[in-house]
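Here's a quick briefing to read with the structure open.

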Amino acid sequence: MLAHLGIALTARLLLISYAEIQDKVSEVQYTDIDYRVFTDAARHVMKSGSPYERYTYRYSPLIAYLLIPNLVFHPAWGKFVFSVLDIVVAVLIKQIVKLHYKSVTESCAEKCALVWLYNPLAIVISTRGNGDSLAAVLVVLTLLLLKKENYLLAGAVHGLAIHTRLYPIAFSLAMYTSIPLFSSEKNRSGLWRIVSYFMPNYNRVKLVVGCLLTLSSLTYVFYKLYGYQYVDESVLFHLRRHDIRHNFSVYFYHQYLSTATSMYQRLLTVTPQLALLLTLSLLYGSPRDLLFCTMCQAVVLVAYNSVLTCQYFVWFLSLLPLCLPDLKLSRPQCVTLGCLWLVAQLAWLLPAYWLEFRGRNTFLYVWLQGIAFFCANMAVLARLIRAYRPRAKLQ
């Protein structure tokens, strides 16, 4: 495993070096625009200012702090940090698989980690300078701490994950219900089974307290430092986000044609997503199914998002390896599903390229390909649900 970690990190470092060349000679930049936003925000912080003085910086101030060495050490520092976090995710995946599946071999756990470690999308996204690997580390670490029954610390890390990126909040109910209410899960039956989803006990309270303390403390500190602008840019903006730039979302074209999105339209957009997230929490919110539940919820979050770019794929790609031992799929089936997902994504890129770099009016084609990509995501998710055969026994 150590050799694989070294190879994977080397591959990422080579891509970081290559990015310096492509960014200088090609109109298609390798480095993501968000990375430049992070660096500019870090520059404002260095001058004792607010990271939100940088227009379009809508993230936690922690990311700006983390990238200050971009300005004093090397511009690629942040990419290196995000790449190292990729490696940490792989290590955590292996530990979780060994804990959750008592019967798996060391080799099986390692293979699950390698699925993430050598994932081309994960490699490209971190080396382009996207910060989603930080959230991925925190989400996977939370799952590991839950498996180790360290509920207070799990809650604290979960709170930090939500502060860093809002999407982990969708996993909260499933994490809460995965903590057994009774000493034995067999006590859950009939009406008690339904009631037990929401009733608190000591361990569940520790999870909630840890999460709320961390989240509220960070919110208070940064509110005192940067005022209401921090809340508006890092939290409220994502609830009202209206992005007319082309992206994978099925809602993109509607947003492009609309001057504004009403509250009624927003509710219609969010309701299907919330209904699916709640349903998945109730169906799979148990110790045995938590890993699969969070993966499914991440797919729903991504596919139904009003704004969808490649970096969001990290949300579920970092969780998929955790579920592999429970997915009964043959190798041809895995290849078919992977090809379906990739072809649907690549088909979107062609009209997107003509729109972005050639100025052609391909908005309609981008939207139609976005619908096809959404259908591909739902088809893959449905197939994974049918293939799910949990073998981990309840604690």
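Helix H19 (residues 331–358) and helix H20 (residues 363–387) have axes that come within 9 Å and cross at roughly 165°. That makes H19 roughly antiparallel to H20, the label for angles over 145 degrees. This is a predicted model, where local features need pLDDT of at least 70, side-chain atom pairs count only at pLDDT 80 or more, and totals for chains, interfaces and linings use all residues. Residues are numbered from 1 along each chain as its sequence is written, and side-chain values use heavy atoms, with hydrogens and water left out.

**The H19–H20 pair**

- Axes here are lines fitted to C-alpha atoms, for helices over the stretch in contact, with angles from 0 to 180 degrees between N-to-C directions.
- H19 passes H20 in a left-handed crossing (the near helix is turned anticlockwise from the far one by less than a right angle).
- Sorted by class, the contact of H19 with H20 has 18 nonpolar, five polar and one charged residues; Asp, Glu, Lys and Arg count as charged, Ala, Val, Leu, Ile, Met, Phe, Trp, Tyr, Cys and Pro as nonpolar, and the others, Gly among them, as polar.
- Helices are DSSP runs (H or I, at least four residues), numbered from the N terminus.

**Cavities**

- The structure holds two cavities of 30 Å³ or more; a cavity is a set of points on a 1 Å grid over the protein atoms alone where a 1.4 Å probe fits but cannot get out, and lining residues have an atom within 4 Å of a point.
- Grid points are joined across faces, edges and corners, and a volume is the space filled by probe spheres set on the points.
- What lines the largest cavity, with its volume of about 40 Å³? Phe38, Tyr59, Ile63, Gly131, Asp132, Thr164, Arg165 and Gln311 do, and by class that's three nonpolar, three polar and two charged residues.
- The second largest cavity has about 30 Å³ of space, and its lining is Asp86, Ala122, Ile125, Ser126, Asn130, Asp132, Ser133 and Val314.

**Proline 287**

- Look for proline 287 in the loop between helix H15 (263–284) and helix H16 (290–303).
- Proline 287 counts as buried at 12% relative accessibility (buried means under 20% relative accessible area, with a 1.4 Å probe and protein chains only).
- Proline 287 and proline 180 sit 7.6 Å apart in space, C-alpha to C-alpha, though 107 residues apart in sequence.

Conventions. Helix = DSSP H or I, 4+ residues; strand = E, 2+ residues; numbered from the N terminus. Parallel < 35°, antiparallel > 145°, perpendicular 65-115°, else oblique. 1 Å grid on protein atoms, 1.4 Å probe; cavity = no way out; pocket = protein on both sides within 12 Å on 5 of 7 lines; lining within 4 Å. Buried < 20%, exposed > 50% of the residue type's maximum accessible area, 1.4 Å probe, protein only.
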